[in-house]
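My plan is to look things up one by one and note what I find.

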Amino acid sequence: MSERRCPKCGTVYADSARFCPRDGNMLVEVQAKPATPRPPPAPPSAGGTAVRTPPQAKPGLDRAASLLGEVLDSRYQVQEKLGEGGMSYVYLAREVSTGHDVAIKVLSPKLATDRSSVERLRREAGLAMRLDHPNVCRILRLGESEDGLIYLVMPFLKGELLSDREVNGGPMSLAAGVDVLRQVCAGLHHAHELQIVHRDLKPENIMLVAEANGRDRAVVMDFGLAKERRADPAIAKLTATGIILGTPEFMSPEQIRGKPLDARSDIYALGIVAFEMFTGKLPFQGRNAQEMMIARLRGQPQKLRQLRADLSEGLESALARALEANPDARYNTALEFADALTASHAGGFLSKIKEKLK
């Protein structure tokens, strides 16, 4: 049995409640504590003083790294560790009540004890729960166990990360790459319509799931879970606070500067992802991270066709616009970017036909 608790005022509600009526905060799930009988008083010692039984040690957050075989919150049978990083541990689990496989992301002890990070996660995960699109990985539940483990439950996707596909398969063809990018655009547009910005789009956050028809379905993951990190000393002076939220290699100029973000920042990040998909390289060069950041602030990307002359001029133009340093010069929506990618594919196909007819 579980309950829901307000993270702000601490009031506990029934499992069916979603928001606290007192302060409007989204409730988080906690496992209801079973009633335990009080132990009988300890017999007095020879000196007449009661001997206190030391309290049992409460399981610590350190067990976040070793949940294999456990049943989390009486709901999820943990079956396999899928991965781990500085932010979280990811497990494959089976929901006891339904038998469905799910992916569970358990926050690391360091993050789970950082109040500001937890509050941001609760706020943004609450927004991300509204997402419902075939090209977006939904967040099904945000929960907190009795011993303080904070976790997210998502559908388990059996596929290949775009980053792994790039390593194993090399640069993509025009047709395959545009197909993936258009799907990512569709997922992003759905989120942007709900005023949700990803802020950490990168190949590691895009899953390619093989469909029965042989096509890969691109799924954008980790909405609202951009990792906050302290910038390297060489980069910190380029930012407003010395703190960056996201992955430096894929951040937009406005994100580097710590300015408010909108859909166009995600479009910029997708432009970098696209450039890397087609060339295996990043569009901004420099001898170190600081120089690469400065190149982005100045708007100096490499030309796509300098690295791959077989790609269409239309694709080069589409990516160049997505990578404009000024957000006002980029596409306003992800669907506009998708339309430009579609046109570049058609243009590239026609160009090849003309070449063959010469």
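**Entry 1: aromatic pairs**

The model, which is predicted, holds three aromatic pairs. I looked up two of them.

Where do Tyr 76 and Tyr 151 lie? I found Tyr 76 in strand 5, residues 76-84, and Tyr 151 in strand 9, residues 150-155. The pair therefore ties together parts that are 75 residues apart in sequence.

Next I checked the burial of both. Tyr 76 has 0% relative accessibility, so it counts as buried. Tyr 151 also comes out as buried, because its relative accessibility is 0%.

Then I turned to Tyr 268 and Phe 284. This aromatic pair is stacked, with 6.3 Å from centre to centre and 20° between the planes. Tyr 268 sits in helix 7, residues 263-279, while Phe 284 sits in the loop between helix 7 and helix 8 (289-298). This pair therefore ties together parts that are 16 residues apart in sequence.

Are Tyr 268 and Phe 284 buried or exposed? Tyr 268 is at 0% relative accessibility, so I marked it buried. Phe 284 is at 3%, so it counts as buried too.

**Entry 2: Ser 252**

Tyr 268 came up again when I looked at a serine. Ser 252 touches Leu 261, Ser 265, Tyr 268 and Arg 330, leaving aside residues up to four places away in sequence. I located Ser 252 in the loop between strand 14 (243-245) and helix 6 (253-256).

Which side chain makes a polar contact with the side chain of Ser 252? I found that of Ser 265, at 2.8 Å. Ser 252 has 0% relative accessibility, so it is buried.

**Entry 3: Ser 312**

Ser 312 is in the loop between helix 9 (304-307) and helix 10 (313-322). Its side chain reaches the backbone nitrogen of Leu 315 at 3.0 Å. Ser 312 counts as buried because its relative accessible area is 8%, and the limit for buried is under 20%.

I traced an open sheet of three strands in the order 10-11-12, with antiparallel pairing. Its edge strands are strand 10 (160-161) and strand 12 (216-220), and each of these pairs on one side only.

How many bridges join strand 10 to strand 11? I counted two, and the strands run antiparallel; strand 11 covers residues 206-210. Leu 161 has Met 207 as its bridge partner in strand 11. For Glu 160, the partner in strand 11 is Leu 208.

I then checked the other side. Strand 11 pairs with strand 12 over five bridges, again in the antiparallel sense. One partner I looked up was that of Ile 206, which is Val 220 in strand 12.

Strand 11 and strand 12 form a hairpin with five residues between the strands. In this hairpin, Gly 214 takes a positive phi near 90°.

Why is strand 11 largely enclosed by the rest of the structure? Four of its five residues are buried, so I noted it as largely enclosed.

**Entry 4: cysteines**

I looked for disulfides next. A disulfide is a covalent bond between the sulfur atoms of two cysteines. The cut-off I used is a pair of cysteine sulfur atoms within 2.5 Å. By this rule I found zero disulfides.

Cys 137 is at 8% relative accessibility, so it counts as buried. Cys 185 is at 0%, so it is also buried.

**Entry 5: the whole chain**

Last, I stepped back. The protein chain has 11 helices and 14 strands. Of its 358 residues, 48% count as buried.

In the protein chain, residues 24 or more positions apart account for 56% of them.

The accessible surface of the protein chain comes to about 18,700 Å². Carbon and sulfur atoms hold 52% of that surface.

Technical notes: Residues are numbered from 1 along each chain as its sequence is written. This is a predicted model: local features need pLDDT of at least 70, side-chain atom pairs count only at pLDDT 80 or more; totals for chains, interfaces and linings use all residues. Side-chain values use heavy atoms; hydrogens and water are left out. Buried means under 20% relative accessible area, exposed over 50%, partly exposed in between (1.4 Å probe, protein chains only). A polar contact is a pair of N or O atoms within 3.5 Å; within protein, one must be able to donate a hydrogen and the other to accept it, and residues adjacent in sequence count only if both atoms are side-chain atoms. Contact means heavy atoms within 4.5 Å. Accessible areas come from the Shrake-Rupley method with a 1.4 Å probe; for residues, only the protein chains shown count as cover. Rings of Phe, Tyr and Trp (its six-membered ring) pair if their centres lie within 6.5 Å; planes under 30 degrees apart count as stacked, over 60 as edge-to-face and the rest as tilted. Two strands pair if DSSP finds at least two bridges between them.
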